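Hi,

Here is the structure I promised to send over. Have a look at it first, and my notes on what turned up follow below.

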Amino acid sequence: MTTRPMLIAPSILSADMAALGDAVAELESAGADWVHVDVMDGHFVPNITIGMPVVAALAKRTRLPLDVHLMISDPDRYLDEFAAAGAKVLTVQAEACLHLYRTLERIRALGLRSGVAINPATPIESIEPVLACCDLVLIMTVEPGFGGQKFISSMLDKVRWLKRLVDERQLSVDIQVDGGIKEDSIGLAAQAGANVFVSGSGVFGQGDVAAALRRLRAALTVD
Ligand code: DX5
Ligand code: ZN
């Protein structure tokens, strides 16, 4: 059984898009661990957000690791550019990759931490053969595409299952959850075995970002 640090990765998807530099600076002073950047292409998911130039601009404004979540079709086309832009963790959606092993190995060869995300309907079995190439597995707890959706609590079973697998194989893999993570769900996800928590609407749009982060950390405490 491995214990990994509990990390909070606020998603800037819910921040003021006209002031993202200020948002990351605020996250840094509020004690966030990572900055989660949601990249959407209007093809893999219905929404369109931001791309490499914004990641490069954010990298100049913060020392926090940029945790880039690619919700895009054919991510292989863009791995090198996101690496050059300053991503530290690069996560692809398993459903978007025809050759997932190669994609994960490429991310590592670029010197980044490799992540794979799976949608609610995608079973753990689909990534089990490539777990050894993953530094992070992201269990989506909503359908990807939009912030502010309701946490799907049945995904906790997938988190438990993955945690067991990772422990059995003694792998060094972060287990991340993303979607609907708020004060009422973060502790449940931690108990199930997750250790990296993405929260967008739970951090931004609540008034005081630092206070929202403190509340999430308090709710994270596993008894
Ligand atoms: C959803 C994104 C999430 C999103 C989470 O497609 O991957 O990172 O920003 O937002 P909340 O925390 O509001 O569900
Ligand atoms: Zn995300």
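This is a predicted model: local features need pLDDT of at least 70, side-chain atom pairs count only at pLDDT 80 or more; totals for chains, interfaces and linings use all residues.

The buried residues of helix α5 are M155, L156, K158, V159, L162, K163, L165, V166 and D167, where buried means under 20% relative accessible area, exposed over 50% and partly exposed in between, with a 1.4 Å probe and protein chains only. Their cover includes β5 (113–118), β6 (136–140), β7 (174–178) and α6 (186–192); contact here is heavy atoms within 4.5 Å. Helices (H or I, at least four residues) and strands (E, at least two) are DSSP runs, numbered from the N terminus. As for its length, α5 has 14 residues, 155–168, and reaches 20 Å from first C-alpha to last, close to the 20 Å expected at 1.5 Å a residue (the expected span is 1.5 Å times one less than the number of residues).

Residues are numbered from 1 along each chain as its sequence is written, chains are lettered from A and ligands numbered from 1 in the order in which they are written, and side-chain values use heavy atoms, with hydrogens and water left out.

Now β6, one of the elements covering α5. Five of its five residues are buried. L136, L138 and M140 point one way from the strand, and V137 and I139 point the other way. On one count, β6 runs parallel to β5, joined by four bridges; on another, β6 and β7 are also parallel, over five bridges. (Two strands pair if DSSP finds at least two bridges between them.) I139 turns up in both pairings: I118 has I139 as its bridge partner in β6, and V177 in β7 stands opposite I139.

Two backbone spots are worth a look. Q170, which follows α5, sits in the loop between α5 and β7 and has a positive phi of about 50° although it is not a glycine. With 68% relative accessibility, Q170 counts as exposed. D74 also has a positive phi, near 50°, and is found in the loop between β3 and α3 (79–85). D74 counts as partly exposed, at 39% relative accessibility.

Is T103 buried or exposed? T103 is buried, with a relative accessible area of 0%. It lies in helix α4 (residues 100–109), and T103 touches D76, L79, V92 and C97, leaving aside residues up to four places away in sequence.

A search of the whole structure finds one cavity of 30 Å³ or more, and about 210 Å³ of space lies in the largest cavity. Of the 25 residues that line it, F146, G147, D178, G179 and G180 are the closest to its centre. On a 1 Å grid over the protein atoms alone, a cavity is a set of points where a 1.4 Å probe fits but cannot get out, and lining residues have an atom within 4 Å of a point. Grid points are joined across faces, edges and corners, and the volume is the space filled by probe spheres set on the points.

β2 (35–40), β3 (66–71) and β8 (196–199) each supply at least two residues of that lining. By type, the lining divides into nine nonpolar, 13 polar and three charged residues. Here Ala, Val, Leu, Ile, Met, Phe, Trp, Tyr, Cys and Pro count as nonpolar, Asp, Glu, Lys and Arg as charged, and the others, Gly among them, as polar.

Cheers

How values were computed:
On a 1 Å grid over the protein atoms alone, a cavity is a set of points where a 1.4 Å probe fits but cannot get out, and a pocket is an open set with protein on both sides within 12 Å along at least five of seven lines; lining residues have an atom within 4 Å of a point.
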